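Morning, everyone. Please have the model open while I talk.

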Amino acid sequence: MTQVCTNRDQFMLGVKDCMPTVLGYLSVGFAAGVVEYTAGLNIFEILLLSLLVYAGAGQFVVAGLLIAGAPTFTIILTVFIINMRHFLLSAVLAPAFKNNTTWQNVGTGFLLTDETFGVAANQMARSGGKINYYWMQGLNITAYANWVLANLLGGILGKWITDPSTFGLDFALAGMFIGLLVLQISSQANLRTDIFVILASVIFTIGSTPYVPIGLNVMVGASLAAIVGMGVEKWRSIQPSSSSS
Amino acid sequence: MAIDSTIFLIIIGSMIVTALPRILPITILSQVDLPNWFMNWLKYIPLAILTAILVQEIVPLGEGETWNPAHLVGTVVAFIIGFWTKSLLWTVIAGMLTVVLMNFFL
């Protein structure tokens, strides 16, 4: 193992750790660009949307609701509900960024996505809860640049692409989340508690879907599943210890 | 080519409602000592939310969505390759290749 010290090295490590997500971002961003083009946005509007909103699901919603002719307020409210899950992601990473300035944290938070969160949470689990600021910058900026580029490509080539699923691109995002989930499971010691959390999350996410707006089900499902995790941990700690794991 | 004013309003509004939940916890919660029970709860959020997002991707929860057989097989293969290689990149590639092959032969 080589010792990594300088900020530049840390930044480049972040860039490197982002690479596995590039394929997923590229295909989803491309698809988003195509849909935005179809919704009637021009290339400047697509650029601005991907630069400022920078959220896959949120941008699909904007495009979809524009096509449906929804009013401005409805579109913004829907984007808010869809993107509220970032609140949880941001809270999880917060303890790792205690030593940064407020402006550094504002910048890090603005560029937080599901995928960079997955990579960062894995890094936290491996390094005992610490994340290097420059590593995070390398990760975030690579993901951001890739996303904006993918949106522009989709917007420009949109008129020629009819079916992105031909290349398996429609599965890139799911594949990436499977990989992030596997890494998360592998990085934790408590496999038995993990299995309860995963099962609870599946049940609560599906179960809450009819009762909350789509997008909020992820947040409700995950919040309840984490409570189940706490409960299982508590229950196991008061069990007479016949085995240790 | 110019930017339409309604579109501009939608983009700025969407940016604000997206950025706030991203920025507020990391800037505020990083400055305070969180209670133990809350840290304990946060500990399970990554696992829980990655699972929830994946469920949203695979299970047809939205209106008019149906199960995608190629995606189901892709999911199984991606999990196997994921646990075998512990590599994000190989997991994604294995899943996508499976879906391409499934679409080709089905």
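About 7,300 Å² is buried between chain B and chain A, buried area being the accessible area (1.4 Å probe) that two parts lose on being put together, summed over both. Carbon and sulfur atoms give 78% of that area. This is a predicted model, in which local features need pLDDT of at least 70 and side-chain atom pairs count only at pLDDT 80 or more, while totals for chains, interfaces and linings use all residues. Side-chain values use heavy atoms, without hydrogens and water; residues are numbered from 1 along each chain as its sequence is written, with chains lettered from A and ligands numbered from 1 in the order in which they are written.

On confidence: the predictor gives an ipTM of 0.87 and a pTM of 0.82 for the complex. Chain B has a mean pLDDT of 91, with 100% of its residues at 70 or more; pLDDT is the predictor's confidence in each residue, from 0 to 100.

Back to the interface. Chain A puts 93 residues into the contact and chain B 71, contact meaning heavy atoms within 4.5 Å.

How many salt bridges are there between chain B and chain A? The count is 1, where a salt bridge is a side-chain nitrogen of Lys or Arg within 4 Å of a carboxyl oxygen of Asp or Glu. B:Lys43 and A:Glu233 form it, at 2.7 Å from N to O.

Which elements of chain B give two or more residues to the side that touches chain A? They are H1 (5-28), H2 (36-58), H3 (69-85) and H4 (88-105), helices here being DSSP runs (H or I, at least four residues) numbered from the N terminus. H2(B) supplies the largest share, 21 residues.

Finally, the count over all chains is 2 salt bridges. Within chain A, A:Arg85 pairs with A:Asp114 in a salt bridge, with the closest N and O atoms 2.8 Å apart.
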